[in-house]
Amino acid sequence: MALQIPSIPPFNPHGDQNSVSQRWTKWKKRFQYFIITYGVMDAERKHALLLHMVGQDTQDIYDTLVIRQAEGQ
């Protein structure tokens, strides 16, 4: 019998704007447990999985951000 581990629901960036940070922190902790459970070690795979699992609404927000990498990376 195969072990079936349920996925986590996508992050909802809408709703009470005063609690986005707290909700994100809680969601991100669940995501960290998820990647540990599945043994994802590679940083690039973690990033891709994060973007896949956050859901389309959060992906749309992410796609509008300008992210600068630190020198030397």
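Colleague: Is F11 buried or exposed?
Modeller: F11 is buried, with a relative accessible area of 8%. Buried means under 20% relative accessible area, exposed means over 50%, and partly exposed is in between, using a 1.4 Å probe and protein chains only. One caution: this is a predicted model, where local features need pLDDT of at least 70, side-chain atom pairs count only at pLDDT 80 or more, and totals for chains, interfaces and linings use all residues. Residues are numbered from 1 along each chain as its sequence is written, and side-chain values use heavy atoms, with hydrogens and water left out.

Colleague: Where does F11 lie?
Modeller: In the segment before α1. Helices are DSSP runs of H or I with at least four residues, strands are runs of E with at least two, and both are numbered from the N terminus.

Colleague: What does F11 touch?
Modeller: Leaving out residues up to four places away in sequence, F11 touches V20, R23, W24, W27, M53, V54 and T58. Contact means heavy atoms within 4.5 Å. F11 and Q56 are 45 residues apart in sequence, yet their C-alpha atoms are 9.2 Å apart.

Colleague: T58 is on that list. Which helix is T58 in?
Modeller: T58 lies in α3, residues 56-64. T58 is buried too, at 12% relative accessible area. Beyond four places in sequence, T58 touches F11 and P13.

Colleague: Zoom out. How many helices and strands are there?
Modeller: The protein has 3 helices and 0 strands. Along the sequence the pattern reads α-α-α.

Colleague: And what share of the residues is buried?
Modeller: Buried residues make up 19% of the 73 residues. The protein exposes about 6200 Å², and carbon and sulfur atoms supply 55% of that. Those areas come from the Shrake-Rupley method with a 1.4 Å probe; for residues, only the protein chains shown count as cover.

Colleague: Back to the helices. How do α1 and α2 pack?
Modeller: At an angle of about 125°, with their axes 11 Å apart. Axes are lines fitted to C-alpha atoms, for helices over the stretch in contact, and angles run from 0 to 180 degrees between N-to-C directions. That makes α1 oblique to α2. Under 35 degrees counts as roughly parallel, over 145 as roughly antiparallel, 65 to 115 as roughly perpendicular, and the rest as oblique.

Colleague: Which residues make the contact?
Modeller: On α1, W24, W27, K28, F31, F34 and I35; on α2, K46, L49, L50, M53 and V54. By class, this contact of α1 with α2 has 9 nonpolar, no polar and 2 charged residues. Ala, Val, Leu, Ile, Met, Phe, Trp, Tyr, Cys and Pro count as nonpolar, Asp, Glu, Lys and Arg as charged, and the others, Gly among them, as polar.

Colleague: What about α2 and α3, how do their axes cross?
Modeller: The axes of α2 (residues 43-54) and α3 come within 6 Å and cross at roughly 125°. That makes α2 oblique to α3. H47, L51, H52 and V54 in α2 meet T58, Q59 and Y62 in α3. The residues of this α2 contact with α3 divide into 3 nonpolar, 4 polar and no charged.

Colleague: Last one. Where is R30 found?
Modeller: In helix α1, residues 20-38. R30 counts as partly exposed, at 39% relative accessibility. The C-alpha atoms of R30 and P9 are separated by 9.6 Å, with the two residues 21 apart along the chain.
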